[in-house]
Amino acid sequence: MTNAVMTPEPHITVRNLDMAYGDFVIQRNLNFSIRRGDIFIIMGGSGCGKSTLLKHLIGLMAPARGEVLFGERDFWKADTVERERIMRRFGTLYQSGALWSSMTLAENVGLPLGEFTDLKPVEIRRIASLKMALVGLAGFEDFYPSEISGGMRKRAGLARAMALDPEILFFDEPSAGLDPISSKLLDDLILELRDSLGATVAVVTHELASIFAIGNNSVFLDADTKTMIAQGDPKTLRDQCPDPKVRNFLLRGELEGKPKPEVRGAPEG
Amino acid sequence: MTVQSSERTRVIGREAEISLTHAEPGRLLLRLAGDWKLTSGLPTAAAVEKQLESSAGTSSLTLGASDLRDWDSGLLAFLVEVQELCRTRAVELDPGDLPDGARRLLRLATAVPERKGARRTQARPDFLTLVGTESLALWKSGEDLLGFLGEALQSFGRLIAGRARFRRSDLIDIIFECGAAALPIITVMSFLVGLILAFVGAIQLEQFGAQIYVADLVGIAMAREMGALMSAIIMSGRTGAAFAAQLGTMQVNEEIDAMTTLGLSSMDFLVLPRMIALILMMPLLCIYADLMGILGGAVVGVGMLDLSPTEYLNATLSGVSLTDFTVGIIKSAIFGVLVALSGCMRGIQCGRSASAVGLAATSAVVTAIVFIIVTDGVFSVLTNALGI
């Protein structure tokens with residue numbers, strides 16, 4: 001957090017963004033910026049468009065309106081070469097790991113290195129082993145993705161995302177499907193990466209424990225109004241957000257005075 | 001005896017019944033009796049609706065469940081319907097002595113209001129709309145194919161310029177998979193096709209003692225048409241479908257997204273090696289299929305028509321020209337492109353579910369076979385016009 005205060009310039013800026021699948025609008029009028037060194041949480045209830053927003057940030061989906069800026073560059077106005085150069089500075093951890101199933105873990109981690117650096121195969125292998133050791137997978141270099149557990153696949157995916165020492169790391173639901181201990185370890189790893197690599201991190205999640213453990217900035221998407229209804233430090237939002245919906249979400253629905261479900265037309269028995 | 005019969009009624013159960021009575025003016029009593037289970041037939045709420053309509057002054061409806069026995073979501077579905085009827089008519093619904101569980105479930109079913117706009121309206125489109133959307137879809141799929149072809153060509157351009165990136169080991173694996181691994185099925189199919197051609201020809205040609213021409217018939221047919229066509233159709237079912245399924249599954253697992261965000265072109269990485277492999281292997285498979293077919297013909301010729309192996313070989317050599325083989329081989333290389341293109345295109349376009357992968361595989365085979373047959377037809381016309 002001190003990091004964010006020291007270097008407050010925005011790393012990623014989203015301006016007037018509308019997201020839509022064809023005519024079906026998911027979210028409109030999103031405006032926020034992610035500062036360098038932030039761990040930025042994208043949160044909201046299921047189906048509100050969190051993952052879709054992530055797809056817009058990593059360049060997989062073009063916005064229906066508005067812009068996504070990296071530093072000063074508008075991603076969607078840049079040409080293909082420029083866009084690829086921006087994308088190469090990202091690392092993305094997909095929800096299920098998205099490891100290439102026909103390659104071993106070391107080959108998965110090494111592929112981006114082989115493509116974008118002039119390293120020799122031996123060196124690539126050594127760096128791949130190092131990255132895998134960083135995520136606690138030393139010794140699993142020659143395993144195929146189908147031979148390891150879901151949690152390990154996620155960590156291997158992270159090792160691949162870190163392969164090119166990216167400036168920005170994106171995480172799509174990092175703790176989904178992990179047990180509490182593994183998900184805590186992953187949170188610690190995310191903090192560690194931010195502190196040691198100085199990376200900016202954007203995380204899509206609705207895991208409250210992680211949100212409070214790692215996040216220092218956030219945006220809350222709402223499915224009913226189809227726009228963002230809060231932004232800021234999740235801990236502050238929990239205690240001070242004027243919108244009860246956000247506080248209720250961050251308090252796991254334990255907010256007092258929440259509307260009680262009622263049988264219409266029948267008195268409560 | 002009596003015990004037995006009561007036992008039986010317990011097992012069979014009592015049918016679900018409703019009765020509607022006016023307890024006092026403006027108050028309707030709806031009594032539920034018997035077993036309200038999904039497995040036995042259930043009354044509809046139509047009777048309640050009729051009653052509510054006929055007695056306009058009703059202001060409240062009380063449920064009576066003293067005779068209600070077993071129940072499950074069948075009862076619940078009925079109650080939700082009744083509740084909706086009451087709501088639209090501004091009639092107060094009193095749950096009365098409804099079991100506690102049913103009351104709680106009913107509350108749960110209506111706790112979260114329906115998300116507006118989420119329910120799909122099933123408006124049946126009229127004939128003209130249907131024709132319109134279908135034509136637009138067809139136009140779109142043509143555009144898609146051309147777009148994909150263009151990207152593939154660009155990718156080839158990068159390959160020639162030495163800038164295309166893919167893994168050599170992938171290419172070798174795919175070459176094995178669509179080359180050597182396909183030999184058994186190609187052997188069986190083309191041998192049998194040659195055999196069948198020879199049989200059909202022999203019956204006709206034997207009638208006027210021209211059975212030696214079976215060798216020409218089989219040789220020319222295999223070399224020009226059947227070798228290329230049969231191997232292409234086999235490969236579209238075997239390899240084209242596999243390509244679509246592989247790439248489709250990669251799409252479902254976000255593996256292709258992972259490639260794109262790393263700045264790796266899925267065209268170079270996934271489509272190009274598959275295309276190269278098929279372009280290299282299809283002509284070889286075609287030559288092999290030609291020879292197997294001729295061998296099949298020879299088995300009939302030697303075994304059934306009393307031709308000697310040398311006679312058959314000589315007749316084949318003099319009857320089949322190099323041009324016939326060349327036409328077949330060129331065609332097979334083009335068929336290879338078509339099989340690889342349609343397989344990869346359907347795989348890359350695949351949706352994000354298991355059923356989408358199945359559809360992608362099916363549609364890859366259909367697309368490939370249609371294109372193969374059409375191309376073959378165009379080729380026949382062209383070679384005929386050019387006198388080749």
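Tutor: The centres of domain 1 and domain 2 of chain A, taken over C-alpha atoms, are separated by 27 Å. Domain 1 covers 2–89 + 166–250 and domain 2 covers 98–152, with bounds from an automatic or database domain assignment. Their contact takes 5 residues from domain 1 of chain A and 4 residues from domain 2 of chain A; two residues are in contact if their C-beta atoms, placed from the backbone, lie within 7 Å. This is a predicted model, where local features need pLDDT of at least 70, side-chain atom pairs count only at pLDDT 80 or more, and totals for chains, interfaces and linings use all residues. Residues are numbered from 1 along each chain as its sequence is written, while chains are lettered from A and ligands numbered from 1 in the order in which they are written.

Not counting residues up to four places away in sequence, A:Met132 touches A:Leu105, A:Val109, A:Leu137, A:Ala138, A:Phe140, A:Glu141, A:Ala156 and A:Ala159. In chain A, 64% of the contacts with a separation of 6 or more are between residues 24 or more positions apart.

The C-alpha atoms of chain A fill a box of roughly 70 × 45 × 40 Å along the principal axes. Of the 269 residues of chain A, 42% are buried, that is, have 20 or more other C-beta atoms within 10 Å of their own, with C-beta atoms placed from the backbone.

Methods:
Buried ≥ 20, exposed ≤ 12 C-beta atoms within 10 Å, placed from the backbone.
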